[in-house]
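Please have the sequence and the model open as I speak.

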Amino acid sequence: MRVFINPGHDIDLDSGAVNPNYGTRECDVARNAGKMLARYLQTAGCEVRTLQSDDLGLVCETSNEWGADIFVSLHCNAFNTVARGTETLYKSYNGQQLAQLIQDQIINSINTVDRGIKKRDDLWVLNGTDAVAVLVEMAFIDNDEDLEILNNDLDTIVRAIARGITDFGG
Ligand SMILES: [Zn+2]
């Protein structure tokens with residue numbers, strides 16, 4: 001199984017959301033999560049490629065040319081510093097199945113607010129990829145309690161995402 005990992009945003013060109021109190025950047029959290037996810041998936045026998053770039057056309061094209069079976073984009077949410085929780089976004093029917101498996105694994109692994117899975121038709125990476133694609137909003141980086149989850153439990157979140165993927169593939 002070929003899994004393409006897209007950590008959200010770009011460490012040089014697009015920080016993504018930033019926690020206003022601590023300065024923690026979404027692009028860095030996503031990058032770390034992507035590195036860990038690649039290791040767990042490779043250990044599970046998956047072929048993995050990772051690309052973090054603000055050029056989402058390039059990201060989609062690279063995934064499609066490689067022939068990815070699964071495409072996972074890793075992000076942190078942000079809203080009003082009060083909203084919390086984890087949600088997984090999808091577009092296609094197969095994406096919905098994968099999103100539910102990942103969401104269930106995360107909810108069972110960490111003490112987060114379950115915001116459920118959501119169908120989205122307006123996201124580049126879900127529209128542009130041929131693979132079964134999902135986008136995981138791991139937690140709200142602008143909320144300090146959720147930031148603590150990202151600081152302390154990122155490895156647990158990532159392992160849950162890996163299990164969701166292998167649940168789907170298996
Ligand atoms: Zn993002």
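**Starting from Val3**

Let me begin with Val3, which is found in strand β1, and let me say at once that we are looking at a predicted model. Is Val3 buried or exposed? Val3 counts as buried, because its relative accessibility is 0%, and the cut-off for buried is under 20%. If we leave aside the neighbours within four places in sequence, Val3 is in contact with Leu41, Cys46, Glu47, Val48, Arg49, Trp66, Ile70, Val72 and Ile165. To take one of these, Val48 is 45 residues away from Val3 in sequence, while the two C-alpha atoms are 4.9 Å apart in space.

From there I would like to step back to the sheet. It is an open sheet of 6 strands, in the order β2-β1-β3-β6-β4-β5, and the pairing is mixed. The edges are taken by β2, residues 47–50, and β5, residues 114–119; each has a single partner strand, and therefore one side of each is left without a neighbour in the sheet. From one strand to the next, the twist averages 20°. At the β5 end, the pairing with β4, residues 86–90, is in the parallel sense and runs over 4 bridges, and within it Thr86 has Asp114 in β5 as its bridge partner.

Two helices that pack on this sheet deserve a look. Helix α1, residues 26–43, touches β1, β2, β3 and β6, and its direction makes about 165° with that of β1. Helix α3, residues 93–109, touches β3, β4, β5 and β6, with a direction at about 30° to that of β6.

In one of them, Phe4 and Phe71 are stacked, at 5.6 Å centre to centre and with 5° between the planes. This pair links distant parts of the chain, since Phe4 lies in strand β1 and Phe71 in strand β3, 67 residues apart. Both Phe4 and Phe71 are buried, and together with Trp66 they form one aromatic cluster.

Finally, the metal site. What coordinates the zinc ion? The donors are His9 through NE2, Glu26 through OE and His75 through ND1, at 2.0 to 2.1 Å, and along the chain they follow the spacing H-x16-E-x48-H. His9 sits in the loop between β1 and α1, whereas Glu26 is in helix α1, 17 residues apart. Glu26 counts as buried because its relative accessible area is 3%, against a cut-off of under 20%.

Note on methods
Residues numbered from 1 in each chain as written. Predicted model: local features only at pLDDT ≥ 70, side-chain atom pairs only at ≥ 80, totals over all residues. Heavy atoms only, no water. Pairing = 2+ DSSP bridges. Axes fitted to C-alpha atoms, helices over the stretch in contact; angles between N-to-C directions. Contact = heavy atoms within 4.5 Å. Donors = N, O, S within 2.8 Å, 3.2 Å for Na, K, Ca; no water. Buried < 20%, exposed > 50% of the residue type's maximum accessible area, 1.4 Å probe, protein only. Phe/Tyr/Trp six-rings, centres within 6.5 Å; stacked < 30°, edge-to-face > 60°.
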